[in-house]
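Colleague: I would like to learn how to read side-chain features in a structure. Could we take them one at a time?

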Amino acid sequence: MSASSHGPTAWEGFWRDAPAGEGEVFWDAAPALAAARHLPLFADHFDPALPVIDLGCGNGTQTRFLAERYPRVIGVDVSASAIDRARREDPAQVAEYRQVDAADAAQVQALHEDVGEANVYVRGVLHQCAPEDRPRVVAGIARLLGRRGRVFLVEPSEAAKAVLMSLVQRPDGPPPKVRAIFSHGIAPAEMPDGAVPDLLAAHGLEMSGSGRLPLITTETGSDGTPVEVPTNWLLAGPREV
């Protein structure tokens with residue numbers, strides 16, 4: 001889960017230093033708790049003839065799940081270390097992986113020219129982007145979709161702030177997985193619930209579905225249950241002309 005964020009350098013450092021193994025990163029939940037819950041919300045809307053791009057794929061956990069359900073899936077991430085890790089964790093090569101900065105129009109255009117129109121899956125990327133990068137990322141998504149593609153996007157809601165602050169303000173300090181995020185300069189920025197629909201509309205994308213779901217993290221609360229971060233999901237495609 002990383003696109004342009006607070007800079008490619010921050011994400012590169014994060015993925016270079018992240019411990020290896022399943023569930024060692026805060027948001028690296030098993031697909032059964034993430035993409036598998038999202039799939040029913042977009043499966044009937046993604047044209048199966050188009051490739052699927054997992055934007056901000058990180059170590060590729062969700063990418064591999066999607067690759068078992070779509071003929072061609074490409075995980076993209078701004079971090080070379082994340083892409084290297086995704087390839088190592090996919091020895092069967094069920095998916096493709098490419099280093100792409102989603103806020104860089106030239107890189108996105110090159111990907112589009114190579115892949116063609118695509119469906120795009122985005123989980124928790126925009127809120128970790130610098131505010132000035134968010135329109136660039138959404139413009140890139142619109143370019144990748146073309147006319148036939150659809151985007152499924154999940155982002156923490158305004159209510160997520162209270163959950164994250166409760167972790168940061170634990171008496172014994174933030175848990176290691178949370179501390180690792182902030183220590184690399186990846187401080188999630190607050191984003192109003194209406195920001196994403198407005199960004200989509202500004203770039204010619206029309207919503208066709210929305211709702212709320214919790215993002216299940218790999219961190220646990222004092223009772224041992226996984227910490228859940230409230231999120232909003234959106235499904236959108238090019239506005240009909």
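Modeller: Start with burial: a residue is called buried when its relative accessible area is under 20%, and exposed when that area is over 50%. Anything in between is partly exposed. Keep in mind that this is a predicted model.

Colleague: Is Phe-14 buried or exposed, and what about Trp-27?

Modeller: Both Phe-14 and Trp-27 are buried. Trp-15 is buried as well.

Colleague: How do I read a pair of aromatic rings?

Modeller: A pair of aromatic rings is described by the distance of the centres and the angle of the planes. In this structure there are ten aromatic pairs. One of them joins Phe-14 and Trp-15, with 5.3 Å from centre to centre and 85 degrees between the planes, an edge-to-face pair.

Colleague: Why is the pair of Phe-14 and Trp-27 called stacked?

Modeller: Planes under 30 degrees apart count as stacked. The ring planes of Phe-14 and Trp-27 stand at 25 degrees, with centres 5.4 Å apart, so this pair is stacked.

Colleague: Where in the chain do Phe-14 and Trp-27 sit?

Modeller: Phe-14 belongs to helix H1, residues 8-17, while Trp-27 lies in the loop between H1 and helix H2. They are 13 residues apart, and the pair links distant parts of the chain.

Colleague: Which residues form an aromatic cluster?

Modeller: Phe-42, Phe-46, Tyr-70, Tyr-121, Phe-152 and Trp-233 make up one aromatic cluster.

Colleague: Let us turn to a charged residue. Is Glu-22 buried or exposed?

Modeller: Glu-22 has a relative accessible area of 68%, so it is exposed. Glu-22 is located in the loop between H1 and H2. Leaving aside residues up to four places away in sequence, Glu-22 touches Asp-28 and Ala-30.

Colleague: How far is Glu-22 from Thr-218 in sequence and in space?

Modeller: Glu-22 and Thr-218 are 196 residues apart in sequence, and their C-alpha atoms are 9.4 Å apart in space.

Colleague: What should I know about side chains of opposite charge?

Modeller: Side chains of opposite charge can pair when their charged atoms come close. A search of the whole structure gives nine salt bridges. Arg-98 takes part in one with Glu-96, where the closest N and O atoms are 3.3 Å apart. Arg-98 also forms a salt bridge with Asp-114, and there the closest N and O atoms are 2.4 Å apart.

Colleague: Which elements does the pair of Arg-98 and Asp-114 link?

Modeller: Arg-98 is in strand E3 and Asp-114 is in helix H5, 16 residues apart. As for accessibility, Arg-98 is partly exposed at 23%, Glu-96 is partly exposed at 28%, and Asp-114 is partly exposed at 46%.

Colleague: What is the salt-bridge partner of Glu-117?

Modeller: Glu-117 pairs with Arg-148, the closest N and O atoms being 2.8 Å apart. Glu-117 lies in the loop between H5 and strand E4, and Arg-148 in the loop between helix H6 and strand E5, 31 residues apart. Glu-117 counts as partly exposed at 21% relative accessibility, and Arg-148 is partly exposed at 45%.

Conventions: Residues are numbered from 1 along each chain as its sequence is written. This is a predicted model: local features need pLDDT of at least 70, side-chain atom pairs count only at pLDDT 80 or more; totals for chains, interfaces and linings use all residues. Side-chain values use heavy atoms; hydrogens and water are left out. Rings of Phe, Tyr and Trp (its six-membered ring) pair if their centres lie within 6.5 Å; planes under 30 degrees apart count as stacked, over 60 as edge-to-face and the rest as tilted. Buried means under 20% relative accessible area, exposed over 50%, partly exposed in between (1.4 Å probe, protein chains only). Helices (H or I, at least four residues) and strands (E, at least two) are DSSP runs, numbered from the N terminus. Contact means heavy atoms within 4.5 Å. A salt bridge is a side-chain nitrogen of Lys or Arg within 4 Å of a carboxyl oxygen of Asp or Glu.
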